[in-house]
Amino acid sequence: MVKLDRVRADTTVVPANVSYPTDSGLLSKGVAKLTKTVRAIQALGLARRTSFRDRTRSVRRRAHQIAAWLRRRSGAAKDEVLELTGELARIADAAVKDAHFVAINARRALLRAGDTASGKATALVNELERTIWAVEQIVVQTRTRPGRRGPCGCQPSGVAA
């Protein structure tokens, strides 16, 4: 029998570098995951004729540019970072649209296959749909950030004021 009335805890606090998620980092990781999942689905023979453009390089390039601009710490840098983040959101949105068509066609192929569809293929299509949903949410979040305005000074399209 264990007596719990005499438990003693000793804790130690250790400083750590915490890397908080940023919009640009989440968008670039999301687009990379979309690309990887779509390629895996197409390698299994699902949605092979559905076009999907790999936008990973352009997204990572812009994320790197954001990091470079943030090091400058000036007013112009903030404006440039907001513009680059908007470009990232547009690219991610285009990747989501492409991935959505792949998911629809892959789901159709799974339905045609019926019981002969592999569990791996089903799991990949489910993962693609979850990733599409998550990246869509990140794009919406990125566009609704305070201080981020469209070219005319208004909220970007598709975002409530």
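Student: Which residues is R55 in contact with, leaving aside its neighbours within four places in sequence?

Tutor: R55 is in contact with V31, T35, I91, A94, A95 and D98. Please keep in mind that this is a predicted model. As for its place in the chain, R55 sits in the loop between α1 and α2.

Student: Why is R55 called buried?

Tutor: Buried means under 20% relative accessible area. R55 has a relative accessible area of 10%, so R55 counts as buried.

Student: What makes R55 and D98 a salt bridge?

Tutor: The cut-off is a side-chain nitrogen of Lys or Arg within 4 Å of a carboxyl oxygen of Asp or Glu. For the side chains of R55 and D98, the distance from N to O is 2.8 Å, so the pair meets the rule. This pair links distant parts of the chain, with R55 in the loop between α1 and α2 (56–70) and D98 in helix α3, 43 residues apart. Both partners, R55 and D98, are buried.

Student: How many salt bridges does this rule give?

Tutor: The count comes to six. Another one of them joins the side chains of R62 and E87, at 2.6 Å from N to O. Here too the pair links distant parts of the chain: R62 belongs to helix α2 and E87 to helix α3, 25 residues apart.

Student: How do you know whether R62 and E87 are buried or exposed?

Tutor: Set each value against the cut-off of under 20% for buried. R62 has a relative accessible area of 17%, so R62 is buried. E87 has 18% relative accessibility, so E87 counts as buried as well.

Student: What makes R130 and E127 a salt bridge?

Tutor: The closest N and O atoms of R130 and E127 are 2.6 Å apart, and the cut-off is 4 Å. Both residues lie in helix α4, three residues apart, which is about one turn of the helix. In general, an α-helix has 3.6 residues a turn, so residues three or four places apart point the same way.

Student: How do you know that the span of helix α4 is close to the one expected?

Tutor: Helix α4 covers residues 119–143, which is 25 residues. The expected span is 1.5 Å times one less than the number of residues. That gives 36 Å, and α4 reaches 36 Å from its first C-alpha to its last. Helix α3 passes the comparison too: with 39 residues, α3 reaches 57 Å, close to the 57 Å expected. Just after α3, G114 takes a positive phi of about 65°.

Student: Which helices do the buried residues of α4 pack against?

Tutor: They pack against α1 (23–43) and α3 (75–113). The buried residues of α4 include L124, V125, L128 and I132.

Student: Why is I41 called buried?

Tutor: The limit for buried is under 20%. I41 has a relative accessible area of 1%, so I41 is buried. I41 is found in helix α1. Not counting residues up to four places away in sequence, I41 touches L46, A106, L124, V125 and L128. I41 and L128 are 87 residues apart in sequence, yet their C-alpha atoms are 8.8 Å apart in space.

Student: Which residues touch the most other members of the largest nonpolar core?

Tutor: This core has 32 residues, and those that touch the most other members are L34, I41, L46, A99, L128 and I132. The elements giving two or more residues to the core are α1, α2, α3 and α4. Its largest share, 14 residues, comes from α3. In soluble globular proteins, nonpolar side chains tend to be buried together.

Student: What does the secondary structure of the chain come to?

Tutor: There are four helices and zero strands, so from the N terminus on the elements run α-α-α-α. Of the 161 residues in the chain, 36% are buried. Among contacts with a separation of 6 or more, 71% come from residues 24 or more positions apart. The accessible surface comes to about 11,300 Å², and 53% of that belongs to carbon and sulfur atoms.

Conventions:
Residues are numbered from 1 along each chain as its sequence is written. This is a predicted model: local features need pLDDT of at least 70, side-chain atom pairs count only at pLDDT 80 or more; totals for chains, interfaces and linings use all residues. Side-chain values use heavy atoms; hydrogens and water are left out. Buried means under 20% relative accessible area, exposed over 50%, partly exposed in between (1.4 Å probe, protein chains only). Contact means heavy atoms within 4.5 Å. Accessible areas come from the Shrake-Rupley method with a 1.4 Å probe; for residues, only the protein chains shown count as cover. A nonpolar core is a set of buried Ala, Val, Leu, Ile, Met, Phe, Trp, Tyr and Cys residues joined through side-chain atoms within 4.5 Å.
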